[in-house]
Amino acid sequence: MEKFYDILKQLIRTPSVVGAEHPFFIKVKRELEELDLNVEYYDGVLVAKGNVPQSGYISGHADRHGLICTGHNEFQYAAFIAKNQADLRGNSNSEKLLKNLEMRFMEQKVQAYEPWSGSYLGMGIIKDAFLCTRRKNIIFKIDGLEHLLPGSAIAFTDTLKIDDNDLVSAQLDNVISIAIILYMYHLGYQGTAFFTASEEAGKSWRFLLEYFRRFDITTDELLVLDTSPYSKVDDITNLDIVLRNKDENAKFKSPLEAKIKKIVIENDISYHYKDAYLENIMATAGTKGSLGVTELGRIIDATQGEIQGTTLQIPTIGYHTVEETTTKKSIDTMVFILSQLYLEKDK
């Protein structure tokens, strides 16, 4: 796994603010082409194909939370700027966390970059953040970036940390999924992988669906990798992997789910279904709420089930911060499951 962590460290240092992912896409494109893969770049989605492209369809999200300059010395949370809000319905994890985010960023170092070229534009420190109810977004005050023009992207300065308890921390969502897919190609995966933009703004499913429609592709084995938020360290140290039966928009019906569950049970992997977990919490508390919104659920709903699949998620705490944390065991488990699915077929 040393190679995996080398990949993850490099990707974490490459900014990929939602809506300004192009420099990150170019970085990933180069890494894929160095492995002699066929790489295609379309609006909002980077596609890699191995020697047997129909042997697997794995998807990961390329964007991470960050800020966008929207006026002179004015900075807003990128996922919730006005042009992105049309795709947000109020029931995603990102939106639920919005009201609790302001104080997480105090004294956080940030780096600005030009969203197309990736050119470095300077570094600053967040000094204040407040929720503007009129614009339904967080407005930030940053020292050191007064010179930026509207449209400039601002990423949280981040490095990978691994402590003595094998806890892995950084702004893991969504970069850890991308690192795992790249690592799978190093291990010999020969299927197709999708790297999608703007998931945090609720748009990634549109880009992926457009690709499937462009080439008249259907599948019931689309596997979407992601992280899944929890509140306490005990929640993630006692849970290796997270599965789903459904989300707020659709039920997941894929042969992959049974294959994954068989692998999980035969290898004594700790898991649960996130939708059942949330339903149990709401039933116990006597409350109603969302089961969460996923890229996959939106695609299933939009295609009326013509495209189907399942999700495989790593449990984390500290969601959407530079201190988001998971365990080495969870990372190892996801790679093991993917290897069993896609690298062990002839054994």
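A disulfide is a covalent bond between the sulfur atoms of two cysteines. The 16 Å separating the sulfur of Cys 132 from that of Cys 69, its closest cysteine sulfur, is too far for a bond. Cys 69 is buried, with a relative accessible area of 1%, and Cys 132 is likewise classed as buried, at 6% relative accessibility. Here, buried denotes under 20% relative accessible area, exposed over 50%, and partly exposed the range in between, calculated with a 1.4 Å probe and protein chains only.

The structure is a predicted model, in which local features require pLDDT of at least 70 and side-chain atom pairs count only at pLDDT 80 or more, whereas totals for chains, interfaces and linings use all residues. Residues are numbered from 1 along each chain as its sequence is written, and side-chain values use heavy atoms, with hydrogens and water left out.

The largest nonpolar core comprises 72 residues. Such a core is a set of buried Ala, Val, Leu, Ile, Met, Phe, Trp, Tyr and Cys residues joined through side-chain atoms within 4.5 Å. The members that touch the most other members are Leu 32, Ile 180, Phe 195, Leu 222, Leu 312 and Leu 338. Helix H4 (residues 175–187) gives the most to this core, contributing 10 residues. Helices (H or I, at least four residues) are DSSP runs numbered from the N terminus, as are strands (E, at least two). When residues up to four places away in sequence are not counted, Leu 338 is in contact (heavy atoms within 4.5 Å) with Ile 58, Ile 180, Met 184, Leu 223, Leu 225, Leu 312 and Leu 343. A second, separate core contains 28 residues, among them Ala 20, Ala 78, Ile 142 and Phe 156.

A polar atom of the Arg 298 side chain lies 2.9 Å from the backbone oxygen of Gly 202.

Salt bridges, in which a side-chain nitrogen of Lys or Arg is within 4 Å of a carboxyl oxygen of Asp or Glu, number 11 in the structure. One of them joins Lys 49 to Glu 40, with an N to O distance of 3.4 Å. Lys 49 is partly exposed at 22% relative accessibility, while Glu 40 is buried at 16%. Another links Glu 266 to Lys 262, the closest N and O atoms being 2.7 Å apart. Both residues belong to helix H7 (residues 255–266), and because they are 4 residues apart there, about one helical turn separates them. Glu 266 is exposed, with a relative accessible area of 52%, and Lys 262 is also exposed, at 51%. Arg 30 is partly exposed, with a relative accessible area of 44%, whereas Glu 31 counts as buried at 18%.

How values were computed. A polar contact is a pair of N or O atoms within 3.5 Å; within protein, one must be able to donate a hydrogen and the other to accept it, and residues adjacent in sequence count only if both atoms are side-chain atoms. A disulfide is a pair of cysteine sulfur atoms within 2.5 Å.
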